Amino acid sequence: MNEKSPSILILGGGVAGMAAAHSLKNQDLSVHLVEEQDHLGGNAALCACMATDTCKNCGACLSREMARQTANQNNLTLHLKTKINALKKTGQGAEALLTSGRTIIADKMIMATGFSPFDPATLPSLNWDTCKNVITTVQLNSRLKDGGLYTLLENNPNPRIAFIQCVGSRNRKLEKDYCSQVCCKISLRHAQKLIHKIPDTQITLFYMDLQIIGKEIRRTLNSLDQQINLVQGVPSEILEDPDTHKLTMVTEDRATQSRIASQFDLVVLSVGMESTPDISKTAALLGAVPNNWGFFNTREATLADDLYIAGCVAGPKDILSSKQEGQIAGSKALEDVGLAKKPDMNVAILGKGFQADIVARAVAAEGYPVYTFDAGPDAKNSDAKIMAVEGTVGNFSIYYTHQGKKETLICGAIIAAPEPCSTQNAGRDKFKTAMDLNAFSGTNPKDIPEKSLILLDYFGPEFKTSARLALRAALAAREAKKEVSIVMNKMLVHSALGQRLYDQARKSGIQFLRFNSPKDIKIKAKKQGFHLTLKEATLPDFNLTLECDCLVLPESIRSCEGFETIANFLRVPLDREGFLQPANVLYRLTQSPRRGIFFAGTCHDEVDEDDLGTEIRDVLSKLTLLNLPREKAGVKVNEKKCAKCLTCYRICPHTAIILNDKMRPQIMDDACFSCHLCVSNCPAYAIESDEFTNDRIGDQIGNQIAGQVEDRVVIFACERSAALAADKIKLPEKTQIVTLPCACRISCDMILKSMIKGASKVIISGCHDGNCRSMEGSATARLEVDAIAKMPGIKPANIAWEPVAANETHKFQRIISKA
């Protein structure tokens, strides 16, 4: 770095700000990160881990590791407990005066100042500020994180808990007519966590429309379907018994159509996101103007030159999306100061279809030579058939046949973007004369029948693209003076203007009717049109009769058999619903456990056109980073010891080990994540580590245990999870932590050596299943522990596996106290 190196100023040390900073590391520029709090992490740092028996993909743990990385970033200066006091535009950039008195000359600025949780005191009927057992989801997070849940519930073994959704969101009276995007997922995960901790918990969730959108969230809802009580409609008032502090809410009993009083021990208000109190002042300093919500997610908002927006300051979103936006903003700033260097490489796109074409055109527009392969369900009819994919980032080899000839493509990166399978529900069985939603939307509204009915959620929870298409098509029909009804289980109101579009549809005269289950609908085709009998959710004792000239059905989207073929080619796992890309938050939203392999489109997540554009920008930003130098893996194969058994080649979760010209395994530094799974599993001890050797770890244990008191406890902790959780804990004298690159580095001889040297108990602590960077590292470690516990002479109580996330400090403290 020299005096003429560019400078980037980042406002906000939450997930988005830290992600922006991380995308600028190892570059010839200086980064200044300004955060008004005394710590990094933002709102995400206040969130509890939602893992039960497995990771639930909330992403809260990411902020802890990101904070460590940010604090250690060489080209970054951290300004905590600091704000911008004044800003003056210069010829190229700006001069910022900080409250610390320091002046920063910045070429580009990134605004990532986050959000504020809605203050429920604004709604006095909910009595949040007067009833001690009425709390917000933010407060529940705090209790779960610091271990105060049982105190809050007074150790009640079967508490009755209610969640009220959309508190401070989707509220026109409060001028917050937008969906906060994340609240439904948060409450569902909270419900899972509460039931996991207190199995006899009775939970009722009151909602407007459950926003079941995103990867594997349908599985979450299905798993809870028989465990919690879902009630459509939110109570407007909470009353408290002054003596018992029991909470009462008056709700409607749909079965009897009467008003009933329901009692709860705890009510959790699922509060939405709103802009920070000083957003107008901060934006004015930067030359920006937010919209009337205080966000930057509509056309009314404006930005100044040399300013980029990332995270929840732009609009409500989850942790993973905030991280993604931060990375994109940092990459854009890097490009605009002229430091982004695109690698000279080919890029392969797997998949042919609308989304793959968009991806291919966007990547080609950036100057990369692009090659597309049809790897979808109909690939067997394609001219080019993939036979195998080998190699690592920067040097992938795709072997394929084209017109009967065997060909090879060398490429630096691969983007999988095949189309998912879709089934048209219209035109078959009893719906033979029904109309497909896509066809209905594409028809001139003047030419559609006079009376149409769009049926959503009948064949399963609707994807957001179908819900949005239904609203727009219905509005177009109403503008043409046609009569339209939408029958649904829920309405998805995603994106900034989703709620306003829904409100517009209702005001236009579109009739919305609800059902609880597809069993509540009887459909019969007539000579012209359809006859429906509906047990409407709000009127359960009445069967509504509906007649329509045109019944409109959306297509059903599902995973394809071809996805498994692609996953096998790429050597990456599918998710639990059969789509590409596992749900592991360490690689989402677009990455994979293999560097240089990415995903885009509906093949891996629930995305619409806007999401796809964001994913493309995300992937492009990551392509420019592929040519940056990486640290050495710290592991190598000793060829003199290698027996060529190929164990390492088979088990590497990142496919970072190739076979060289001598058919010996070779570790590729650019592709290796240094998990050390190969080190601990090599039967010939031929894979050697620079730092984490058995002898060095053994000596470390011996130096601290030898000659000390009995009942010593040794904890082998993953550096990304348990070790971070223990970072600020004062350890008891008898306890020693040994940090490992991943829990999978543990081995039988390492554990036994600890016991031989005097450890009375050995604990291995790593990530929750589903959250390990090396995918199955935690599962591997757990199996190792189970095997050793069964050995002759080993007492099972003397060895334990304990999953701990990076933000579970209280849990780690509890483990230590019981050891």
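Student: Leaving aside neighbours within four places in sequence, with which residues is Ser 63 in contact?

Tutor: The model is a predicted one. Ser 63 is found in helix α2, and its relative accessible area is 5%, under the 20% limit, so Ser 63 is buried. Leaving aside neighbours within four places in sequence, its contacts are Val 15, Met 18, Gly 41, Ala 44 and Ala 45.

Student: At what angle do helix α1 and helix α2 pack, and how is that arrangement classed?

Tutor: Two packed helices are described by the angle between their axes and the distance between the axes. For α1 (residues 15-22) and α2 (residues 62-71), the axes are 10 Å apart and the angle is about 45°. That angle makes α1 oblique to α2.

Student: Which residues of α1 and α2 meet, and how many of the contact residues are nonpolar, polar and charged?

Tutor: α1 passes α2 in a left-handed crossing. From α1, Val 15, Met 18, Ala 19 and His 22 meet Ser 63, Met 66, Ala 67, Gln 69 and Thr 70 of α2. By class, the contact of α1 with α2 holds five nonpolar, four polar and no charged residues.

Student: How many residues of each class make up the contact of α3 with α5?

Tutor: Helix α3 (residues 137-146) packs against α5 at about 35°, with the axes 12 Å apart, and the crossing is left-handed. Thr 137, Leu 140, Asn 141 and Leu 144 of α3 meet Ile 186, Ser 187, His 190, Lys 193, Leu 194 and Lys 197 of α5. The residues of this contact divide into four nonpolar, four polar and two charged.

Student: Is Phe 396 buried or exposed?

Tutor: Phe 396 lies in strand β22 (residues 395-402). Not counting residues up to four places away in sequence, Phe 396 touches residues including Leu 409, Ile 410, Cys 411, Ile 414, Arg 594 and Ile 597. Its relative accessibility is 0%, so Phe 396 counts as buried.

Student: What distance separates the C-alpha atoms of Phe 396 and Val 347?

Tutor: Phe 396 and Val 347 are 49 residues apart along the chain. Their C-alpha atoms are separated by 9.7 Å.

Student: Which residues touch the most other members of the largest nonpolar core?

Tutor: The largest nonpolar core has 64 residues. A second, separate core of 35 residues includes Val 31, Leu 76, Tyr 308 and Tyr 587.

Student: What is the omega of the cis peptide bond that joins Arg 588 and Leu 589?

Tutor: Most residues other than glycine have a negative phi, and most peptide bonds are trans. Leu 589 is placed in the loop between α13 (561-570) and β35 (597-599). The bond joining Arg 588 to Leu 589 is cis, with omega about 25°.

Student: Where does Cys 166 lie, and what is its phi?

Tutor: Cys 166 belongs to strand β10 (residues 160-167). With a relative accessible area of 15%, Cys 166 is buried. Its phi is positive, near 60°.

Student: Is Glu 175 buried or exposed?

Tutor: Glu 175 sits in the loop between β10 and α5 (183-197), and its phi is near 60°. Its relative accessibility is 58%, so Glu 175 counts as exposed.

Note on methods. Residues are numbered from 1 along each chain as its sequence is written. This is a predicted model: local features need pLDDT of at least 70, side-chain atom pairs count only at pLDDT 80 or more; totals for chains, interfaces and linings use all residues. Side-chain values use heavy atoms; hydrogens and water are left out. Axes are lines fitted to C-alpha atoms, for helices over the stretch in contact, and angles run from 0 to 180 degrees between N-to-C directions. Helices (H or I, at least four residues) and strands (E, at least two) are DSSP runs, numbered from the N terminus. Angles under 35 degrees count as roughly parallel, over 145 as roughly antiparallel, 65 to 115 as roughly perpendicular and the rest as oblique. A crossing is left-handed if the near helix is turned anticlockwise from the far one by less than a right angle, and right-handed if clockwise. Contact means heavy atoms within 4.5 Å. Ala, Val, Leu, Ile, Met, Phe, Trp, Tyr, Cys and Pro count as nonpolar, Asp, Glu, Lys and Arg as charged, and the others, Gly among them, as polar. Buried means under 20% relative accessible area, exposed over 50%, partly exposed in between (1.4 Å probe, protein chains only). A nonpolar core is a set of buried Ala, Val, Leu, Ile, Met, Phe, Trp, Tyr and Cys residues joined through side-chain atoms within 4.5 Å.
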